[in-house]
Amino acid sequence: MILDSKPNAYICPKLNLMKVETLELRDWEDLETGLVVAENDEWVMLRYIYADYMLDGWKLIKKDLIAERISEEDEAQIAKVIALKGETGVLPMGFKLGSALEMIQWINNRYGFVEFQDEEEEVIFAVVTGQEEGNLLFDMVLPDGQVEAGCEIGIDDVGVIAFDGDYFQSVGLLWKADK
């Protein structure tokens with residue numbers, strides 16, 4: 001990655017800029033497609049593509065879950081359209097690709113809650129309340145904005161972390177309206 005002129009903003013190197021991949025996740029029904037903007041030994045970060053050419057937030061996919069990474073004709077066409085739309089691959093200001101816990105804490109601090117999926121594909125919206133012995137402690141935000149207190153998950157069981165998509169923002173609005 002190279003540093004952009006904005007502080008803490010990283011973009012993909014020119015050779016990989018606009019590389020779109022479809023990820024097949026082990027034992028998951030749905031495929032995940034997105035513009036690859038960063039990766040480390042544990043995680044791949046995507047500018048998530050909800051459908052066709054629609055960018056919708058960010059997804060971090062644990063590499064251990066990935067069965068196959070596909071980048072063929074369909075992905076090349078999506079990449080071309082995204083480039084024509086002016087998407088640059090700039091990460092959110094202040095975000096750093098790190099451990100699951102570091103990224104979850106950053107998202108929770110910035111948005112007040114975080115979205116993640118366990119390795120069973122269950123989508124969880126969570127207000128992080130702490131950590132204890134390898135577990136993430138949280139209050140679950142239900143799709144109607146109500147809260148179920150006192151939940152926990154093993155940090156290593158988190159397979160996908162997402163934020164700033166349309167559904168994420170909508171659940172956040174309902175949750176904040178009911179606080």
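Reader: Which side chain does Arg69 meet in a salt bridge?

Author: Arg69 pairs with Glu21, at 2.6 Å from N to O. The general idea is simple: side chains of opposite charge can pair when their charged atoms come close. Here a salt bridge means a side-chain nitrogen of Lys or Arg within 4 Å of a carboxyl oxygen of Asp or Glu.

Reader: Before we go on, what kind of model is this?

Author: It's a predicted model, where local features need pLDDT of at least 70, side-chain atom pairs count only at pLDDT 80 or more, and totals for chains, interfaces and linings use all residues. Residues are numbered from 1 along each chain as its sequence is written, and side-chain values use heavy atoms, with hydrogens and water left out.

Reader: OK, how many helices and strands does the protein chain have?

Author: Three helices and 12 strands. Those are DSSP runs numbered from the N terminus: helices are H or I with at least four residues, strands are E with at least two.

Reader: Back to that first pair. Where do Arg69 and Glu21 sit?

Author: Arg69 is in strand 7 (residues 66–70) and Glu21 is in strand 3, so the bridge links parts of the chain 48 residues apart.

Reader: Are they buried or exposed?

Author: First the scale: buried means under 20% relative accessible area, exposed means over 50%, and partly exposed is in between, with a 1.4 Å probe and protein chains only. Arg69 has 33% relative accessibility, so it counts as partly exposed. Glu21 has 6%, so Glu21 is buried.

Reader: How many salt bridges are there by this rule?

Author: The count is six. Another one joins Lys63 and Glu39, at 2.8 Å from N to O. Lys63 is in the loop between strand 6 and strand 7, while Glu39 is in strand 4, 24 residues apart. Lys63 is partly exposed because its relative accessible area is 25%, and Glu39 is partly exposed because its value is 36%.

Reader: Which residues are linked in a network of salt bridges?

Author: Lys19, Glu21, Glu39, Lys63 and Arg69.

Reader: What about Arg47: which residue does it bridge to?

Author: Arg47 meets Glu87, at 3.8 Å from N to O. Arg47 belongs to strand 5, and Glu87 to the loop between helix 1 (73–84) and helix 2 (100–111), 40 residues apart. Arg47 and Glu87 are both buried.

Reader: Where is Glu42?

Author: Glu42 sits in the loop between strand 4 (31–39) and strand 5 (43–51). Its relative accessibility is 44%, so Glu42 counts as partly exposed.

Reader: And what is the phi of Asp27?

Author: Near 65°, a positive value in a residue other than glycine. Asp27 lies in the loop between strand 3 (20–25) and strand 4, and it counts as exposed because its relative accessibility is 71%. Asp52, also not a glycine, has a positive phi of about 45°. Asp52 is in the loop between strand 5 and strand 6 (54–62), and at 60% relative accessibility it counts as exposed.

Reader: Let's look inside. Is Ala126 buried or exposed?

Author: Ala126 is at 0% relative accessibility, so it counts as buried. Its place is strand 9 (residues 123–132). Contact means heavy atoms within 4.5 Å. Leaving aside neighbours within four places in sequence, Ala126 is in contact with Asn108, Phe113, Val114, Phe116, Phe138 and Asp139. The C-alpha atoms of Ala126 and Asp139 are 5.6 Å apart, though 13 residues separate them along the chain.

Reader: What share of the whole chain is buried?

Author: Of its 179 residues, 46% count as buried.
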